[in-house]
Amino acid sequence: MMKKKTLTIVAAAVTALSLTACQKASSGSPDSRASAAGNGSDSLALPAKAQEPEEGEPPAINPEDVLDNDTTYELYNAYIDISNDLVGRLNDSLNRYFTYVDFDTGFRLLEEDGNYYDCYSVSGPQRNVTDAYELVSNKTDKDELDQAFLDMYPSISALIKALTDIYEYTDQKTFLEDNYAKSQEQHTALLSVLEEYYNTGEVFRTALLEVADELHQEDLEQMKADGYEVLYSLNMVIDLAQKIQSELYEEEAWDENILDMDLTKIQPLYDDFSSYVEAVASYAKNDEALNAEGFYSASLSMFVIHMNDAHSSISKVLEKVKAGEALSESDRMITIAGQCNLTAFSTGVSNMVSAYNSLISY
């Protein structure tokens, strides 16, 4: 029976991308990357460069080598954790702070009669950045992804320090005791690093997403070649749903303006998505096919529910578009699973990814 590893799923939302780390497969399993180095050892030797770079430039990333040994595998997952922090905890903490404080050079609370502000703890991202920096510092040859992280390291470290200072200062409401004595200094420190942080963070995430996508495509090809049809179909359902999301995002089409979507691009993706939805639904009733790949109909049930919800939502929206009808106010307001709007579709896709990761992680 195949031991399923957590594949690199790029979980796309309309406004942000998040990544799921890889769970290393046991050596000898059909999809194990641990055996790619050829000797199965825990050697810390770095994978060979894909090609010689120009002098002074980091070597190009070779996705086939990313998980070739324990060190690069651990570093890759650390990068994924940091990427998720960028759109997760760090983003949430910044949003929390600027809920109370004006985004201006001078510290000023937005509510004139308010006296409170804070942000979230970022101790988790701090650990992830520290771990990644220690790992990459031990690499003799840095590739493009490593260099993108190192370029971001000063600004993300400064951001984490600024947010930590604010968190500690506001956690016990110290600012009320000293009349906001440190607020301006901390606010200035935070603003001073944001532009560089956002710019270098975008470069880092772009580099990581390119590697993750190539690794995932290789996994898909290997699944298909090895005859794991159920696993392949599950991944294709997610991939195609996310491609629909990405296309809608590029077209800036959402619930308020669904008629702006380009059906010549969306319809082919939807047709492929629908075909794999049917395939998964069929496999969900085929115990022999499921058992051959280590699945059970009961364990697949939640994925199928979320898949059907996502498919129902996008199907209803496309019916509206083809009829030339915009979403009504009531359509837009009810965003629960399976409803006729793109928000519900996005929720369904996110739930699918979560169900998939739970399904293959046991």
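The legends below accompany several close-up views of this predicted model.

Residues are numbered from 1 along each chain as its sequence is written. Local features need pLDDT of at least 70 and side-chain atom pairs count only at pLDDT 80 or more, whereas totals for chains, interfaces and linings use all residues, and side-chain values use heavy atoms, with hydrogens and water left out.

View A. Welcome to the loop between α2 (89-100) and α3 (123-137), where D118 is found; helices here are DSSP runs of H or I with at least four residues, numbered from the N terminus. D118 is buried, at 10% relative accessible area (buried means under 20%, exposed over 50% and partly exposed in between, with a 1.4 Å probe and protein chains only). Its side chain makes a polar contact of 2.8 Å with that of R96 and another of 2.7 Å with that of Y116. Such a contact is a pair of N or O atoms within 3.5 Å; within protein, one must be able to donate a hydrogen and the other to accept it, and residues adjacent in sequence count only if both atoms are side-chain atoms. Beyond its neighbours within four places in sequence, D118 is in contact (heavy atoms within 4.5 Å) with R96, Y97, Y100 and T170.

**View B. P125 in helix α3.** Here is a proline that lies in helix α3 and counts as buried, with 3% relative accessibility. Leaving out residues up to four places away in sequence, P125 touches D85, R89, L90 and I160. Its C-alpha atom is 8.0 Å from that of D81, a residue 44 places away along the chain.

View C. The structure holds 19 aromatic pairs. In one of them, the ring centres of Y232 and Y276 are 6.2 Å apart and the planes meet at 70°, so the pair is edge-to-face. Y232 belongs to helix α7 (residues 229-251) and Y276 to helix α8 (residues 263-283), so this pair ties together parts that are 44 residues apart in sequence. Y232 counts as buried, at 14% relative accessibility. For reference, rings of Phe, Tyr and Trp (its six-membered ring) pair if their centres lie within 6.5 Å; planes under 30 degrees apart count as stacked, over 60 as edge-to-face and the rest as tilted. If you look elsewhere, one aromatic cluster includes Y97, Y100 and Y116 among its members.

**View D. M333 at the surface.** M333 is exposed, with a relative accessible area of 61%.

Methods:
Helices (H or I, at least four residues) and strands (E, at least two) are DSSP runs, numbered from the N terminus.
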